[in-house]
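Please find my note on the model below. The points can be read in any order after the opening one.

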Amino acid sequence: MAAAVCAFILTLSALCGPRVGTGAVSTPTNVSLKSSNMDLVLSWDSPEGASSGLLYTAEYNTSVTSYKVGCVNISQLECDFTNLSISMYGKYTGRVRAQLGAESSNWVESNQITVDKDTIIGSPTVTLFSNGATIEVTIVDPVFKTSSLRDVYSLPTYNITYWKYDQIKKARSLSNIHQNRMVLNDLEHWTKYCVQVQINTKRNPNPSKPSKRVCASTTNESGAPWVAAVVTFVIMAVAVALVVTAVVYRKSISHFLCPKDSLPQHFKEYLLAPPISPVYLAMQNSHPPEEIYHPVSIISDNGTVEEGSPLEATGTSCSKQPDSTIGKR
Ligand SMILES: *[C@@H]1O[C@H](CO)[C@@H](O)[C@H](O)[C@H]1NC(C)=O
Ligand SMILES: *[C@@H]1O[C@H](CO)[C@@H](O)[C@H](O)[C@H]1NC(C)=O
């Protein structure tokens with residue numbers, strides 16, 4: 001009996017444990033409103049010791065409007081408000097409550113954020129193109145969930161940091177760069193450099209996440225003019241050599257081009273004869289396909305017999321002999 005009462009009390013306390021005072025559901029914890037790349041997401045943790053089957057309802061407001069519903073009766077621990085006509089300059093707060101059956105917890109409010117000021121700007125994408133002793137840096141902005149970086153922030157600038165591959169402590173930075181393509185031209189040749197870029201905006205106090213570090217090697221001093229000089233030199237040298245050769249051997253060359261001795265007659269004939277191609281020879285050697293035909297006798301009404309090859313007959317009297325057969329196999 002005592003054991004049964006004990007078990008009953010234990011069960012009751014297990015059921016009621018997570019609940020607050022008057023049987024209400026206990027509240028979600030770590031409620032936090034965040035934004036990255038201009039989205040707006042409320043997240044939370046389930047109440048401590050929560051029973052399964054809890055559902056959540058999340059809402060959001062701005063500093064000038066009352067709460068609007070974001071997600072209703074969801075089991076996930078976050079609600080994305082991004083597509084609910086969020087203003088990028090709005091100041092937002094979120095709130096969430098847990099529900100179990102007909103009972104619900106109190107609301108828990110989140111921090112307040114201003115989307116464009118507080119959003120975490122993602123990392124730009126950087127590609128390098130090395131040309132001689134310079135490296136061209138091309139930057140692509142992170143993709144925003146709604147709108148674009150340049151629509152939200154009027155004058156974003158890039159902070160390009162670059163360093164010799166193994167000397168990151170001596171890194172140099174070019175900040176306040178407006179264009180998304182930049183040539184680094186104070187580099188040493190035959191050296192590997194690495195580059196990392198961050199975006200700065202005036203509205204958002206935090207720079208973007210840094211880009212991935214990308215590296216490229218410079219080559220010789222200034223690629224194109226050097227190559228052009230070598231090519232020009234080689235062409236000139238070859239031309240001079242040809243002219244000198246022509247002058248020195250002009251006699252032999254003129255002999256070769258206009259020989260005094262004429263070719264033997266049969267050799268000329270051979271050269272002038274039409275070319276004999278293998279196809280032509282094959283055609284000459286093959287026999288035309290054999291045509292098989294049978295003589296045809298035509299017996300007219302009066303009994304006279306005309307004989308002849310059907311081919312001869314076709315010309316004049318086809319209509320008379322529709323059945324003449326020309327077998328070709
Ligand atoms: C959410 O759940 C509650 C409690 O189960 C219920 O009363 C309410 O109708 C549900 N709302 C929607 C929109 O499903
Ligand atoms: C540019 O980036 C470098 C490296 O992250 C940093 O040290 C520097 O302060 C930045 N400059 C500006 C103007 O943001």
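1. Basis. This is a predicted model, in which local features need pLDDT of at least 70 and side-chain atom pairs count only at pLDDT 80 or more, while totals for chains, interfaces and linings use all residues. Residues are numbered from 1 along each chain as its sequence is written, chains are lettered from A and ligands numbered from 1 in the order in which they are written, and side-chain values use heavy atoms, with hydrogens and water left out.

2. Overall make-up. The protein contains 8 helices and 17 strands; these are DSSP runs, numbered from the N terminus, with helices being H or I of at least four residues and strands E of at least two. Of its 329 residues, 28% are buried. Here buried means under 20% relative accessible area, exposed means over 50%, and partly exposed is in between, with a 1.4 Å probe and protein chains only. Contact stands for heavy atoms within 4.5 Å. Among contacts between residues at least 6 apart in sequence, 59% join residues at least 24 apart.

3. Aromatic pairs. How many aromatic pairs does a search of the whole structure find? The search gives 3. Rings of Phe, Tyr and Trp (its six-membered ring) pair if their centres lie within 6.5 Å; planes under 30 degrees apart count as stacked, over 60 as edge-to-face and the rest as tilted. One of the pairs is W44 with Y56, tilted, at 5.6 Å centre to centre and with 55° between the planes. W44 belongs to strand β2 (residues 41-45) and Y56 to strand β3 (residues 55-62), so this pair ties together parts that are 12 residues apart in sequence. W44 and Y56 are both buried.

4. Y60 and F81 are buried. Together with Y92, Y60 and F81 make one aromatic cluster.

5. Charges over rings. A charge sits over a ring if NZ of Lys or CZ of Arg is within 6 Å of the ring centre and within 35 degrees of the ring normal. R95 lies over the face of W107, at 4.1 Å from the ring centre. K192 is placed over the face of Y165, at 4.3 Å from the ring centre.

6. Nonpolar core. The largest nonpolar core has 42 residues, and those touching the most other members are L42, W44, F81, I160, V195 and V197. Such a core is a set of buried Ala, Val, Leu, Ile, Met, Phe, Trp, Tyr and Cys residues joined through side-chain atoms within 4.5 Å. Its largest share, 4 residues, comes from β14. At least three residues of this core come from each of domain 1 (21-118) and domain 2 (125-217), the bounds being from an automatic or database domain assignment. Leaving aside neighbours within four places in sequence, V195 is in contact with residues including V126, L128, I160, W163, L184 and V214.

7. E188 and T218. E188 is in the loop between β13 (181-184) and β14 (192-200), and T218 is in the loop between β15 (214-217) and α4 (223-248). Is each of them buried or exposed? E188 is partly exposed because its relative accessibility is 44%, whereas T218, at 1%, counts as buried. Beyond neighbours within four places in sequence, E188 is in contact with K164, Y193 and T218.

8. Polar contacts of this pair. The side chains of E188 and K164 are joined by a polar contact of 3.0 Å. The term covers a pair of N or O atoms within 3.5 Å; within protein, one must be able to donate a hydrogen and the other to accept it, and residues adjacent in sequence count only if both atoms are side-chain atoms. The side chain of T218 reaches the backbone nitrogen of W190 at 3.0 Å.

9. Positive phi. N73, in strand β4 (residues 65-74), has a phi near 50°, a positive value in a residue other than glycine. N73 is partly exposed, with a relative accessible area of 40%. S85, in the loop between β5 and β6, has a positive phi near 45°, and S85 counts as exposed at 68% relative accessibility.
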